[in-house]
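Let's take a walk through this fold, one piece at a time. Have the coordinates open and follow along.

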Amino acid sequence: MNIFITGSNGFVGSHLKEYLISDTNITNIKLFTPSSKELDLGDEKAVDHYILQNKIDIIVHTANRGGGRDTLDMKSITEYNLRIFFNIVKHEKNVKKIISFGSGAEYGKHKPIIEAKEDDYRSLFPLDEYGFYKSITSRFIEKSQKIVQLRIFGAYGEYENYRYKFISNAIVKNLLHLPITINKNVYFDYIYIDNLVKIIDFFIHNDPKEKIYNVTTGTKVDLVTLSHYINNVSDFKSEITVLNEGLNNEYTSNNERLLKELGNFKFTSHQDAIVKMRCYFQNNLEQLDIQTIKEDPYIKKIDSIWKGK
């Protein structure tokens, strides 16, 4: 089975690549993981040639831009992402399956998203570019035959951009004996990357009954609680500061559809995941961008994520 992973050097793609390579139970898989220099996903003819020449069976499309504090000023997010999306999904007829990735942003981050079910996204279009783009892809996938959309609300883990991703950023701050600063507390539905790649692997090897799945734990946790988890596994207790009172818009989902598909699946607790991440960042502390961590430039941009254009 020939599997093509787009964005294989990104957060999700790199973890998935490692997982599939290290899985000793998998013997019939050949991975195709070109970098952006090796294959420009925006080049329709190049993508056509790559998929057909390599006789790709399954495409796992993780490549995209936007969705974070570091990309708020990025231009043409919708056009770029939709172009590479449609360059990929036009080959639905040539492959056995395509796995794409949605976002909780499809429900519209300008309002609270509380235990959202998969079909709830149809009630409106998001105001932000990233959520708008993801919403369009879900509407297309609902009418497809061989594409499944795995909708992520918040994946975290080793290799993520610790400069602005909250959990890894807070872990690094604690390792540096710095305070943990939260703009405004909020409830999220986070999933640890080790769990996410196992779920992707399930969908690679099994035919889904539905088109769209909320790939989440279905359990909400707030940023202050996560900060205390980080302090609890450290000898140093970082000061936890919340700049603004109250709660920001909730960002949580209902994952009953996913659990029905997976059957018996055990999610890693946030406490156990934080222990593993702490070890990783501690071992790589000298290679990190300490100055940016201290300056914390992205804290000023967080409010913009929850608003439209």
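Contact here means heavy atoms within 4.5 Å. This is a predicted model, so local features need pLDDT of at least 70 and side-chain atom pairs count only at pLDDT 80 or more, while totals for chains, interfaces and linings use all residues. Residues are numbered from 1 along each chain as its sequence is written, and side-chain values use heavy atoms, with hydrogens and water left out.

Start with Glu261, which sits in helix α8 (residues 256-262); helices are DSSP runs of H or I with at least four residues, strands are runs of E with at least two, and both are numbered from the N terminus. Leaving aside neighbours within four places in sequence, Glu261 is in contact with Phe202, Phe203, Asp207, Pro208, Lys209, Glu210 and Tyr213. Is Glu261 buried or exposed? Its relative accessibility is 11%, so Glu261 counts as buried (buried is under 20% relative accessible area, exposed over 50%, partly exposed in between, with a 1.4 Å probe and protein chains only).

Now look at helix α6 (residues 193-205), whose 13 residues reach 19 Å from first C-alpha to last, close to the 18 Å expected at 1.5 Å a residue; the expected span is 1.5 Å times one less than the number of residues. Buried residues in α6 include Ile193, Leu196, Ile200 and Phe203, and Asn195 and Asp201 are buried too.

Next comes helix α9 (residues 270-283), whose axis comes within 10 Å of that of α7 (residues 223-232) and crosses it at roughly 55°. Axes are lines fitted to C-alpha atoms, for helices over the stretch in contact, and angles run from 0 to 180 degrees between N-to-C directions. The pair is therefore oblique (under 35 degrees is roughly parallel, over 145 roughly antiparallel, 65 to 115 roughly perpendicular, the rest oblique). Leu226, Tyr229 and Ile230 of α7 meet His270, Gln271 and Ile274 of α9.

Helix α5 (residues 166-175) also packs with α9, at about 60° with the axes 10 Å apart, which makes α5 oblique to α9 as well. On the α5 side, Ile167, Ser168, Ile171, Val172, Asn174 and Leu175 make the contact, and on the α9 side Ile274, Met277, Arg278, Phe281 and Gln282.

Finally, a backbone detail. Most residues other than glycine have a negative phi. Lys55, in the loop between α2 (44-53) and β3 (58-61), has a positive phi of about 50°. His177, in the loop between α5 and β8 (180-185), has a positive phi near 60°.
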